[in-house]
Amino acid sequence: MAYEEAKVLLEAQNLSVSFRGIVALHNYRLNLRSGELIGIIGPNGAGKTTLFNVLTGVVPASNGQVLLEGRDISRLSPDAIRRAGIARTFQNIRLFRRLSVMDNMRISAQLDQHPGLLTTLARLHGFTTSERARDARVLEVLHLLGLTAYRETRADSLPYGLQRRLEIAMATVAQPKVLLLDEPAAGMNPAEVETLMHLIAQLHAELNLTVMLIEHNMRMVMGMCQRIQVLHYGELIADGTPAAVQNDPRVLEAYLGVSDSAFLSYKNVEA
């Protein structure tokens, strides 16, 4: 089934966020369908990370609602939203740096599990069975992201690009309904970006993940995303296919005057 025909999984209805009178997000709207891969772009300060923070409960909305499969999750805690099915990465990598790759993954995979104390202490059959299932899932995700060979390596010993991959793997192993990636290619060289594009596309296809991607690398966004939304000063100014967004006068105007604009550079290269 094409994503255009799939059910709406995540909805945002007129979301607004204000900080001490400063509007960071204004009347944002979203209908995200199951299996969709959507990009969120905009100049610095446009409200992109604020959007992710609202969707994951880190920042409360001043107005509006967030619905996951029709359920209002607007007032839930970040932990409850994660358990409901929304996982994310961050601009600044967040890992258990002194633990191995495998242990980082195990912790992330187990965050949503709550075995009873007696079961855990006695290591009963049901608990050990769930541990095996968890480790099998961990190894599958590590394989998809090319991290199997590093499973016993300490997280802080990994090169930067592999640390980024590990953070994505940790979010993915939680089996989310929606995966939010906040600038996953930040700080990567072109070769690393190419590899990351391939791996995210593979995750999206093989695990049927629904993905929202914030990214400044326009080659990555335009090359991967089925749909793109553009934010500017907290306002949603465009929502459409990559081709439509690239030629939208409001988008071009939003990027004009931005120093070293990645979007304009991408347009110039493609022209």
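Strands β7 (residues 178-182) and β8 (residues 210-214) pair in the parallel sense over 5 bridges, and leucine 181 stands opposite leucine 213 of β8. The model is predicted. Both strands belong to an open sheet of 6 strands with mixed pairing, in the order β6-β7-β8-β3-β9-β10.

- Helix α1 (residues 48-55) lies across β3 (37-41), β6, β7, β8 and β9 (227-232).
- The direction of α1 is at about 145° to that of β8.

- With a relative accessible area of 5%, alanine 238 counts as buried, because the cut-off for a buried residue is under 20%.
- Not counting residues up to four places away in sequence, alanine 238 touches Ile228, Gln229, Val230, Asp248, Arg250 and Val251.
- A separation of 9.9 Å is found between the C-alpha atoms of alanine 238 and isoleucine 41, which are 197 residues apart along the chain.

**The contact of α3 with α6**

- The axes of helix α3 (residues 101-110) and helix α6 (residues 160-172) come within 8 Å and cross at roughly 30°.
- Angles under 35 degrees count as roughly parallel, and α3 and α6 are therefore roughly parallel to each other.
- The crossing of these two helices, α3 and α6, is right-handed.
- Helix α3 contributes Val101, Asn104, Met105 and Ser108 to the contact, while α6 contributes Leu166, Ala169, Met170 and Ala171.
- By class, the residues of the contact of α3 with α6 comprise 6 nonpolar, 2 polar and no charged.

- Strand β1 (residues 8-19) pairs with strand β4 (residues 63-68) in the antiparallel sense over 5 bridges.
- In this pairing, leucine 10 stands opposite leucine 68 of β4.
- Strand β4 also pairs with strand β5 (residues 71-72), in the antiparallel sense and over 2 bridges.
- The bridge partner of leucine 67 in β5 is aspartate 72.
- The hairpin of β4 and β5 has 2 residues between the strands, and glutamate 69 takes a positive phi near 50° in this hairpin.

Notes
Residues numbered from 1 in each chain as written. Predicted model: local features only at pLDDT ≥ 70, side-chain atom pairs only at ≥ 80, totals over all residues. Heavy atoms only, no water. Pairing = 2+ DSSP bridges. Helix = DSSP H or I, 4+ residues; strand = E, 2+ residues; numbered from the N terminus. Contact = heavy atoms within 4.5 Å. Axes fitted to C-alpha atoms, helices over the stretch in contact; angles between N-to-C directions. Buried < 20%, exposed > 50% of the residue type's maximum accessible area, 1.4 Å probe, protein only. Parallel < 35°, antiparallel > 145°, perpendicular 65-115°, else oblique. Left-handed = near helix turned anticlockwise from the far one by under 90°. Nonpolar A, V, L, I, M, F, W, Y, C, P; charged D, E, K, R; others polar.
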